Amino acid sequence: MIIYEYPFNELVRSLLRLEYLFDRFEYFVEKDDARDQHQAISILFDLGEITARADLKSSLMKELDRQKNSLLSLKNSSNIDQDALLNTLEEMNIIWGKINQTGKTNAQILESEWLNLIRSRLSIPGGTSPVDLPAYYAWQFTDANIRRANLKKFVEPLMSWKYASQLFLKLLRGSGKPAEMLAPKGSYQQMLSGKTYQLMRVGIHQAHLIPEISANKYMLWTRFMTCDGEAKPRAFAEDVPFELSLCNF
């Protein structure tokens with residue numbers, strides 16, 4: 001099943017982006033080919049920009065506080081695995097502390113003349129070629145483990161954001177109960193009656209279909225589109241069974 005996710009607020013959207021970027025960074029940085037590690041460098045700049053946002057840090061800390069208080073209310077409940085609860089609370093306290101102590105997470109990236117030279121050339125077609133950046137070209141011939149350690153050094157100050165987004169999204173996704181739904185003629189609507197959600201998850205088995213989602217606190221609407229990788233997505237006019245989860249922790 002392919003899962004598509006729709007965030008209801010900017011914090012969740014940003015954390016989903018971070019999850020996506022950290023996953024891609026870790027994939028490419030572990031490769032030995034310098035062409036793969038080039039992708040990791042490009043992603044490193046994106047990670048640095050997102051984690052440097054003061055408004056995002058403030059929103060995340062407030063939300064982690066809210067989640068922690070929600071979990072504390074479950075202590076001593078006979079329906080809850082207390083060991084798992086305590087472990088989650090301890091993990092949350094550690095992550096909260098690291099995020100709170102974090103200053104300018106992307107300082108190493110911004111202060112690296114070598115990285116910034118690469119960054120200045122990324123927007124130019126072919127701008128990182130050997131003709132333009134001989135120093136970067138030479139770096140690509142160094143040992144793969146040295147290059148990998150080099151890049152991991154720059155991402156290390158950002159790792160608290162990875163752990164925070166992982167924990168936040170795990171708790172949020174776990175709060176939703178999947179329900180089997182049907183979209184008649186490819187379209188589905190549901191009234192929410194003002195109830196607040198943070199994340200909507202749509203699961204489908206057909207790889208050629210994608211959901212076009214629109215939602216607010218009053219209503220959600222999903223229209224399924226065909227996608228063949230060539231033409232513009234088009235509305236699908238047949239019934240579509242799918243799985244829907246509405247998440248709010």
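User: Across which strands does helix H1 (residues 10–29) lie, and at about what angle does H1 run to E1?
Analyst: Helices (H or I, at least four residues) and strands (E, at least two) are DSSP runs numbered from the N terminus, and contact means heavy atoms within 4.5 Å. Angles run from 0 to 180 degrees between N-to-C directions, with axes as lines fitted to C-alpha atoms, for helices over the stretch in contact. In this predicted model, local features need pLDDT of at least 70 and side-chain atom pairs count only at pLDDT 80 or more, while totals for chains, interfaces and linings use all residues; residues are numbered from 1 along each chain as its sequence is written, and side-chain values use heavy atoms, without hydrogens and water. Helix H1 lies across E1 and strand E4 (199–204), and its angle to E1 is about 140°.

User: In what order do the four strands of the open sheet stand?
Analyst: Two strands pair if DSSP finds at least two bridges between them, and the pairing here is antiparallel. The order is E1-E4-E8-E2.

User: Which residue in E8 is the bridge partner of Ala183?
Analyst: Strand E2 and strand E8 (residues 240–247) run antiparallel and are joined by five bridges. For Ala183, the bridge partner in E8 is Val240.

User: Is Glu91 buried, partly exposed or exposed?
Analyst: Glu91 sits in helix H4 (residues 82–101) and, leaving aside neighbours within four places in sequence, is in contact with Leu167 and Lys170. Buried means under 20% relative accessible area, exposed over 50%, and partly exposed in between (1.4 Å probe, protein chains only). Since its relative accessible area is 34%, Glu91 is partly exposed.

User: How many disulfides does a search of the whole structure find?
Analyst: A disulfide is taken as a pair of cysteine sulfur atoms within 2.5 Å. Cys247 is buried at a relative accessible area of 0%, whereas Cys227 is partly exposed at 32%. Over the whole structure, the number of disulfides found is zero.
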